[in-house]
Amino acid sequence: MSEGIGARVLRKEDKRFISGKGKYTDDVIEINQAYAAFVRSPHAHAKINGINKQAALDAGAVAVLDGKELTGDGIGNIICGWMIHSKDGSPMNMGAWSALATEYVRYVGDAVAIVIADSQAAARDAAEMVEVDYNVLPAVIKADKALEDGSPQLHPEAKNNLIFDWEIGDAAATDAAFADAAHIVEMDITNNRLSPNPMEPRSAVATYDASEEHYTLYTTSQNPHVARLVLSAFYQVAPEHKLRVIAPDVGGGFGSKIYIYPEEIACLWASMKTNRSVKWTSDRTEAFLTDAHGRDHITNAKMAFDANHKLVGVKVDTIANLGAYMSLFSSATPTYLYATLLSGQYNVPNIHGNVRAVYTNTVPVDAYRGAGRPEATYLLERMMETSARELGVDPIELRRKNFVQEFPHQTPVIMCYDAGNFEAHLDGALEAIDYKGFEARRAESASRGKLRGIGTSCYIEACGIAPSAAVGSLGAGVGLWESGEIRVNPVGTVEILTGSHSHGQGHETTFAQLVSERFGLPTDNVQVIHGDTDKVQFGMGTYGSRSGAVGMSALVKALDKVEDKAKKIAAHLLEASDSDIVIEGGEVKVAGTDKKLGWHEVCLAAYTGHNLPEGMSPGLKEDAFYDPTNFTFPSGTYICEVEVDPETGKTDVLAFVAADDFGTIINPMIVEGQVHGGLAQGIGQALLEEVVYDDDGQLLTASYMDYCMPRADDVPNYQVSHYKTECPGNPLGMKGCGEAGAIGSPPAVINAITNAIGNNNLSMPASPQKVWAAIQASGSKQAAE
Amino acid sequence: MTVINLTVNGSEVSGEVDDRTLLVQFIRDQLRLTGTHVGCDTSQCGACVVHVDGKAMKSCTMLAVQADGSDVTTIEGLADGAELHPVQKAFRENHGLQCGFCTPGMIMAATDMINRHGKDLDEETIREELEGNICRCTGYHNIVKSIAAAAKEMG
């Protein structure tokens with residue numbers, strides 16, 4: 001059975017996970033290991049008057065280290081790596097963020113000191129004994145409030161807490177289009193604040209070796225090389241060649257493990273200070289308090305149509321809450337990952353987006369699965385559905401009428417869509433959900449006193465976060481290529497070294513499938529190595545659904561070189577021309593003859609070096625850096641069908657159809673799994689999840705008792721299908737599938753509920769209470785009865 | 001400190017534990033069986049599920065001293081030597097896991113569920129009984145499929 005491209009190969013990595021043999025960061029125990037606990041601010045905003053460590057030290061703490069000592073040792077501030085300029089040309093107003101607070105704390109959970117002790121329990125006990133004298137200051141939590149005159153000020157660099165006031169598109173042309181429009185739809189839309197919640201809490205084990213002046217860090221990272229780069233170049237923890245970062249098995253990320261957090265920095269530094277290995281593992285409440293949150297946009301959005309229901313303009317004014325400090329990619333998420341997608345799947349001649357990013361006394365906000373694209377999709381697709389209802393036309397037909405039909409398509413907001421067929425997945429989704437049969441199903445629900453609704457979402461998103469020159473011109477501080485290396489062993493087995501990181505995506509299987517496809521080797525003969533800066537030369541890591549389109553493309557380029565050299569060796573041994581050599585099924589053959597060698601014979605010849613073409617070096621190992629030519633543009637149609645109980649406002653998701661175009665698919669089983677997971681997160685956002693702070697900045701949703709995670713009985717079985725157009729921007733034609741489910745699904749769910757209850761005025765999460773109130777407001781309860 | 005004696009994965013073990021030591025801490029830190037995971041602090045996520053005297057138990061919700069004299073099975077002890085348990089196999093064959101972190105708890109909870117319900121375990125029951133196990137990766141679709149397949153196989 002083929003294990004190449006398109007095969008549903010079972011995952012190689014599963015064997016260790018189902019046996020309890022996965023190795024996650026918290027499973028690591030070093031010799032002479034101590035444990036860290038953090039003293040965290042209980043206040044959302046306060047000045048630190050003093051820290052009394054004596055009781056903790058008397059109780060046996062190895063050390064209690066604070067922010068002044070940290071900065072005194074030259075450890076640099078945490079930075080945001082993407083420069084955004086305001087529309088007046090000024091650079092973003094970034095305030096200082098020290099890994100341990102020095103003078104002020106700015107959110108509940110802000111780290112003040114690191115306490116080292118001989119056991120985790122002792123460290124936690126000691127941390128509770130550290131007395132911090134605070135002068136409590138007023139706090140501001142909501143982004144719109146933070147901009148008001150007189151609101152508490154977080155950073156001296158950012159007047160009125162404004163980080164930047166950025167725009168994209170042509171304001172004057174868009175205003176003119178609106179002035180001439182036949183229909184304008186306007187909505188105030190909030191994108192609810194979420195906590196990513198990978199099941200593995202963040203963890204770090206840092207070891208300083210004084211004799212070598214060398215650090216080793218095990219950490220829960222999606223991008224260990226970027227972590228090393230930032231820890232070294234910006235935070236001055238250690239030079240890169242003296243710092244090894246290992247991200248072993250990582251239990252989910254969803255964006256939250258991209259960033260380099262205060263805890264990793266503090267553990268590395270504390271390891272040097274105490275000459276002990278230092279382990280810290282977050283508990284769940286600490287994760288809610290400190291892992292970067294996602295979303296949290298407040299937007300006024302307008303959509304304009306001409307008399308023929310053709311879109312003539314989209315205009316949005318967004319306030320993005322970035323929390324108390326600027327996290328690594330926080331500035332890119334509400335700008336270039338958001339407003340560049342405001343054209344959706346549609347021909348929109350005029351677009352203008354304005355985004356103000358603000359500081360508040362909340363945990364930093366950064367990219368969470370989808371990162372900006374869910375926010376764009378949610379408002380566009382809610383407006384399309386609402387527009388159709390207000391115009392009295394079928395929402396499907398309104399979308400179809402405005403679809404981009406020809407590619408490449410240049411939008412007014414930077415993106416140039418390279419390939420797609422939006423009608424194909426729309427038609428596929430309509431058929432899968434039996435759209436025509438909906439009215440009969442609605443009547444059946446009504447006969448039981450229930451309100452049935454159907455809602456659609458047509459999303460497009462941008463993946464890969466590359467090419468490097470393009471993102472560099474938009475403000476990115478790093479290049480966003482990927483690297484890969486193919487090492488063929490003398491016996492013909494293959495090691496893949498990749499800068500991509502797998503934390504649930506199944507790279508150990510899909511990347512091996514590339515080798516299987518190329519040389520006809522079983523995937524069992526291939527080992528994928530990732531997540532260790534001592535083993536893999538460099539890599540930008542996994543986020544933005546980039547591991548396929550960018551990471552695997554780098555491997556393709558390296559495989560090209562391996563294949564080329566292997567063919568030259570074989571041609572030499574078989575006395576044939578290079579161009580006549582074919583490699584298939586583990587054999588290297590001269591086309592049209594019975595002359596052949598085993599793959600392993602060619603590999604061995606490469607390493608013995610006894611009989612190679614003149615001038616050729618021995619060995620069979622090649623690497624490649626790959627930088628794509630464009631973003632990739634996955635798209636799809638999602639349709640959700642719900643039933644609402646008008647007595648309670650409870651929503652049941654009865655059916656969910658996802659019809660996606662991901663370009664080339666390496667392993668459909670894994671791709672479907674990625675979609676399923678994204679859908680659950682999107683349905684979670686739509687129905688259940690919301691981070692809630694009270695007015696004083698206390699986090700009210702700091703455990704699984706309070707933050708409603710989707711459980712198995714909250715979600716349906718999903719119907720997933722694929723409609724392929726190849727991406728011309730990379731050698732495999734891949735687009736990326738990791739985030740689509742979370743991007744496309746929230747508006748489909750909300751559109752279904754608003755369809756059921758006959759009231760468009762509904763915000764996420766659509767709790768039973770909110771839905772019930774909306775039903776009362778619309779009078780649809782009576783309609784059902 | 002208290003000395004406890006129990007059977008873990010068929011072997012007699014003993015250890016000295018603090019009164020506040022949780023069973024999961026004893027399993028992970030003292031026995032070094034790190035397949036059992038901790039995903040929350042409130043007995044909600046189920047990543048720590050083991051079997052205590054044949055019943056699924058959240059090992060973060062039980063003190064180690066309470067397990068004195070018990071027979072404990074962790075994910076490492078579920079397979080019969082090299083032969084995987086049918087639930088382990090079903091999770092792999094149905095792509096019922098992604099990052100693998102919730103997986104040990106899922107498999108232990110699922111095994112208990114199948115032991116109690118047998119082969120007639122239906123989807124609604126599976127979803128309802130999985131309330132105590134959170135997965136953030138799979139959207140549950142393939143976990144439900146895995147458990148249904150294992151129930152059929154074991155029945």
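**Contacts between and within the chains**

Author: The model is predicted, and across the interface of chain B and chain A the rule finds 31 residue pairs in polar contact, with both residues at pLDDT 80 or more. The elements of chain B that give two or more residues to the side touching chain A are helix 1 (23–30), helix 2 (86–93), helix 3 (103–117), helix 4 (123–129) and helix 5 (141–154). Helix 2 of chain B gives the most, with four residues.

Reader: What kinds of residue make up the side of chain B that touches chain A?

Author: That side of chain B divides into 16 nonpolar, 16 polar and twelve charged residues.

Reader: Why is the pair Glu689(A) and Arg136(B) called a salt bridge?

Author: The side chains of Glu689(A) and Arg136(B) meet at 2.8 Å, N to O. The term requires a side-chain nitrogen of Lys or Arg within 4 Å of a carboxyl oxygen of Asp or Glu. The pair joins an Arg to a Glu at 2.8 Å, and therefore it is called a salt bridge. Across the interface of chain B and chain A, the rule finds four salt bridges.

Reader: How many residues of each chain are in contact, and what area do the chains bury?

Author: In chain B, 44 residues are in contact with 55 residues of chain A. Contact here means heavy atoms within 4.5 Å, so these residues are counted by that distance. Chain B and chain A bury about 4200 Å² between them, 53% of it on carbon and sulfur atoms.

Reader: Which domains does chain B have, and how far apart do their C-alpha centres lie?

Author: The domain assignment of chain B gives domain 1 (2–77) and domain 2 (86–154), and their C-alpha centres lie 21 Å apart.

Reader: How do you know that domain 1 of chain B and domain 2 of chain B are in contact?

Author: Contact requires heavy atoms within 4.5 Å. By that rule 18 residues of domain 1 of chain B are in contact with 14 residues of domain 2 of chain B, and therefore the term applies. The two domains of chain B bury about 1100 Å² between them, 62% of it on carbon and sulfur atoms. His37(B), His51(B) and Ile75(B) supply 41% of the area that domain 1 buries against domain 2, more than any other three residues.

Conventions: Residues are numbered from 1 along each chain as its sequence is written. Chains are lettered from A and ligands numbered from 1 in the order in which they are written. This is a predicted model: local features need pLDDT of at least 70, side-chain atom pairs count only at pLDDT 80 or more; totals for chains, interfaces and linings use all residues. Side-chain values use heavy atoms; hydrogens and water are left out. Buried area is the accessible area (1.4 Å probe) that two parts lose on being put together, summed over both. A polar contact is a pair of N or O atoms within 3.5 Å; within protein, one must be able to donate a hydrogen and the other to accept it, and residues adjacent in sequence count only if both atoms are side-chain atoms. Ala, Val, Leu, Ile, Met, Phe, Trp, Tyr, Cys and Pro count as nonpolar, Asp, Glu, Lys and Arg as charged, and the others, Gly among them, as polar. Domain bounds come from an automatic or database domain assignment.
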